[in-house]
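This report describes one protein model. It takes the overall layout first, then individual helices, the nonpolar core and selected residues.

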Amino acid sequence: MFRGVEAHHKLLLCLGVGLLPVYVFPSGMIQPYHAVLALLAALVILAGHIRPTAWLALLVCMAGYMMVVEALYGMLTASLAGITAPIFLIYNAVVAAAVYSHVSRHGAGALALGIVAATAVTIGAVIIVGVDLTQLSSSGRATGTFN
């Protein structure tokens, strides 16, 4: 299916995107696609393939600023709960940079296949389980097998 030196990157990108609609843990927790895309990002970084861009620099600066503000606030209140926001931003920036770099180097084939897989999973889940549009979950989100 995927050939070449970086076939594992393509497989991880396809699998990570394909798993986007799959929520096996409570909302707000790490989901399978988070772990797969984090592994992809780590491998792309270790391979030295991250392409520096202005938007990535801006996101890293914003995350750094948020980290400092939340750390200072955390020291004042003895609570570091706010530190998750900059960590989430860093995660998303790194994953976005890895996907961008991969697609720039190898094309969008694996990404497109992952989108098709995610769509199939979503449609299959709706067909099998269904969706109740009259009853919302306690968080006000749509129900079904995905958020």
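From the N terminus on, the elements of the protein run α-α-α-α-α. That amounts to five helices and zero strands, where helices (H or I, at least four residues) and strands (E, at least two) are DSSP runs numbered from the N terminus. The model is predicted: local features need pLDDT of at least 70, side-chain atom pairs count only at pLDDT 80 or more, and totals for chains, interfaces and linings use all residues. Residues are numbered from 1 along each chain as its sequence is written, and side-chain values use heavy atoms, with hydrogens and water left out.

The mean pLDDT (the predictor's confidence in each residue, from 0 to 100) is 87 for the protein, and 86% of its residues reach 70 or more.

Of the 147 residues in the protein, 26% are buried. Here buried means under 20% relative accessible area, exposed over 50%, and partly exposed in between (1.4 Å probe, protein chains only). A contact means heavy atoms within 4.5 Å. Among contacts between residues at least 6 apart in sequence, 62% join residues at least 24 apart.

**Helix lengths**

The expected span of a helix is 1.5 Å times one less than its number of residues. The table sets this value beside the distance between the end C-alpha atoms.

| Helix | Residues | End-to-end C-alpha distance | Expected span |
|---|---|---|---|
| α1 | 12 residues | 16 Å | 16 Å |
| α4 | 23 residues | 32 Å | 33 Å |

**Helices α1 and α4**

α1 is mostly covered, with nine of its 12 residues buried. These are A7, H9, K10, L12, L13, C14, G16, V17 and G18. They pack against α2, α4 and α5.

In α4 the buried residues are P86, L89, A93, V95, A97, A98, V99, S101 and H102. Their cover includes α1, α2 and α3. Just after α4, G107 takes a positive phi of about 85°.

**Helix α5**

An α-helix has 3.6 residues a turn, so residues three or four places apart point the same way. α5 is followed by G130, whose phi is positive, near 85°.

I115 also lies in α5. With a relative accessible area of 45%, I115 is partly exposed. In space I115 and C14 are 7.7 Å apart, C-alpha to C-alpha, although 101 residues separate them in sequence.

**Nonpolar core**

A nonpolar core is a set of buried Ala, Val, Leu, Ile, Met, Phe, Trp, Tyr and Cys residues joined through side-chain atoms within 4.5 Å. The largest one has 14 residues, and those with the most contacts inside it are L13, L37, L40, V95 and V99. α1, α2 (32–46) and α4 (84–106) each supply at least two residues of this core. The largest share, six residues, comes from α2. In soluble globular proteins, nonpolar side chains tend to be buried together. Not counting residues up to four places away in sequence, L37 touches L12, G16, V17, Y91 and V95.

H9 lies in α1 and counts as buried at 4% relative accessibility. A polar contact of 3.4 Å joins the side chains of H9 and H8. Such a contact is a pair of N or O atoms within 3.5 Å; within protein, one must be able to donate a hydrogen and the other to accept it, and residues adjacent in sequence count only if both atoms are side-chain atoms. Leaving aside neighbours within four places in sequence, H9 is in contact with L40, L43, V44, A47, H49 and H102.

H49 lies in the loop between α2 and α3 (54–77). At 17% relative accessibility, H49 counts as buried. Again not counting residues up to four places away in sequence, H49 touches E6, H9, V44, S101 and R105.
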